[in-house]
Amino acid sequence: MEEPFPHGWAHLDGRRVPAAEALVSIFDHGLLYGYGLFETVRVYRGVPFRLGAHLARLEAGAALLEIPLAWPPNALADAVADVIAANGFGDAALRITVTRGPGAAGPDPDPRQPATRFVFARRWSPPPASLYGRGAHAIVAEVRQNEASPLARIKSLNYGVNLLARAEARAAGAAEALLLNRSGTLASGATSNLFAVTGGQLVTPPPDDGCLPGITRAVVFELAEAAGIAVAERSLALADLLAADEAFLTNSLREIVPLVRVDDATIGAGIPGPVTQALLAAYRALVARETGG
């Protein structure tokens, strides 16, 4: 069951406050224009997994959007630690958000306008074991990703395409929606990265095709290299995915989820494949090592 909303403690602009009191201005450009960034971090046993990688991606996105991060270097990491401790969380889903901050209602921010930052978290219960044992069903969304947009490659608050795709997935009773780009090749899932396994090789769309450089995606690269599995970043047509031996989706909260069906087509044998299962086991072992499990 979800905890009451809002709940617990949050951090807003360097202060710990009850989450119910962590309010931003109606003139905040994150609200007015989607001018901002966010990161979702999985917390295991009170330890955020790969927090450094999440913060590095946030900083890169802020540089692209020209959002000044005018606070001490460890401010966000300290806020994350405080939110986890104050709420007494073991396993949690934590969100870091940075916006261009409050200012005049026009779309051009004053260069002196300070950014807004906030952190909150909620208890996280992993998806049922059956999702990993039987695999997931995805649909191909009608809405498309614009691979030419720089926003496709950062974790932006401009999340409309992803939300529309998720709505399509919910309406179809599917676990995820796959996004084609304007060129007609696969970009990613609405909230995940996509991998196909063909002849023992991993194939995943490159960022130039409109995928977000995911944190879990990068970990899969590491695990594949350690296991001697070749990885290729190249354009992936829907036909390529459907002809694959197996496939999976990656996401910081759900880790590595086997993908066994797209629309009405079965991938491979229609069950989680051996490469996917091996990578999931290796991922969880890595998490345990890095978070003291």
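Me: L131 is found in helix α4 (residues 129-134); what makes this stretch a helix?

Reply: Residues 129-134 are helix α4 because a helix is a DSSP run of H or I with at least four residues (a strand is a run of E with at least two), numbered from the N terminus. The model is predicted, with local features needing pLDDT of at least 70 and side-chain atom pairs 80 or more, while totals for chains, interfaces and linings use all residues. Residues are numbered from 1 along each chain as its sequence is written, and side-chain values use heavy atoms, without hydrogens or water.

Me: Why is L131 called buried?

Reply: L131 has a relative accessible area of 19%. Buried means under 20% (exposed over 50%, partly exposed in between; 1.4 Å probe, protein chains only), so L131 is buried.

Me: Which residues does L131 touch?

Reply: Leaving aside residues up to four places away in sequence, L131 touches A136, V257 and P258, where contact means heavy atoms within 4.5 Å. A196, 65 residues from L131 in sequence, lies 18 Å away, C-alpha to C-alpha.

Me: How do you know that β1 and β6 pair?

Reply: Pairing requires at least two bridges found by DSSP. Strands β1 (residues 9-12) and β6 (residues 116-123) run antiparallel and are joined by 2 bridges, so they pair. H11 stands opposite V119 in β6.

Me: What makes β2 and β4 edge strands?

Reply: In the open sheet, ordered β2-β1-β6-β5-β3-β4 with antiparallel pairing, β2 (15-18) and β4 (47-48) each pair on one side only. Helix α2 (residues 51-65) packs on this sheet, touching β3 (36-44), β4 and β5 (92-99).

Definitions and conventions:
Axes fitted to C-alpha atoms, helices over the stretch in contact; angles between N-to-C directions.
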